[in-house]
Amino acid sequence: VLAEHYQASGELDRAIEEYESIVRSESPSPMALNNLAWIYHQQGNERALGLAKSAYEAAPGAAAIADTYGWILIERGQLAEGLPVLAKAAAACSQPDIRYHYAVALAKAGKTDAARQELNELVRTNGHYPGAKDAQKLLRELGGS
């Protein structure tokens, strides 16, 4: 809880310290692995992918964990591996950020119609979430409305 508080407060160095302590334990929480992976990813730390994979293997049914792992794969150019992980996350959860990540992956895979469909639905139902402008921009780039 303390690590999550530090992360939400933008105190990333302190969050990393707490998460690293948790991850060193005998059976680390998949969410702690996930959250540390996300911070590492944001900082360009190469350890992000390994931690995200460990979190995903420990809790493959958790949409947020699948999203982190899939998104890191996509951002590293591993489209073939990341797309099915994000598809699974998007199917399990309607959270806007997860749907957006899935739409981006679809677009990168050349599945423009599916990406547009996903983005249209996202913009229609979640037009005011923090990443809505990115979703609208990508939709326009893909020839959507």
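Author: Helix H5 (residues 63–75) packs against helix H6 (residues 79–92) at an angle of about 155°, with the axes 8 Å apart. The model is predicted, so local features need pLDDT of at least 70, side-chain atom pairs count only at pLDDT 80 or more, and totals for chains, interfaces and linings use all residues. Residues are numbered from 1 along each chain as its sequence is written, and side-chain values use heavy atoms, with hydrogens and water left out.

Reader: Why is H5 called roughly antiparallel to H6?

Author: Angles over 145 degrees count as roughly antiparallel and those under 35 degrees as roughly parallel. The angle of H5 with H6 is about 155°, which makes H5 roughly antiparallel to H6. Their crossing is left-handed (the near helix is turned anticlockwise from the far one by less than a right angle).

Reader: Which residues in H5 and H6 meet?

Author: With contact meaning heavy atoms within 4.5 Å, the H5 residues include Tyr-69, Trp-71 and Leu-73, and those of H6 include Leu-83, Val-85 and Leu-86. The contact of H5 with H6 divides into 12 nonpolar, 2 polar and 2 charged residues. Ala, Val, Leu, Ile, Met, Phe, Trp, Tyr, Cys and Pro count as nonpolar, Asp, Glu, Lys and Arg as charged, and the others, Gly among them, as polar.

Reader: What makes H5 and H7 roughly parallel?

Author: H5 and helix H7 (residues 96–108) pack at an angle of about 30°, with their axes 10 Å apart; H5 and H7 are therefore roughly parallel to each other. Their contact includes Trp-71 and Ile-74 of H5 and His-101 and Val-104 of H7.

Note on methods:
Axes are lines fitted to C-alpha atoms, for helices over the stretch in contact, and angles run from 0 to 180 degrees between N-to-C directions. Helices (H or I, at least four residues) and strands (E, at least two) are DSSP runs, numbered from the N terminus. Angles under 35 degrees count as roughly parallel, over 145 as roughly antiparallel, 65 to 115 as roughly perpendicular and the rest as oblique.
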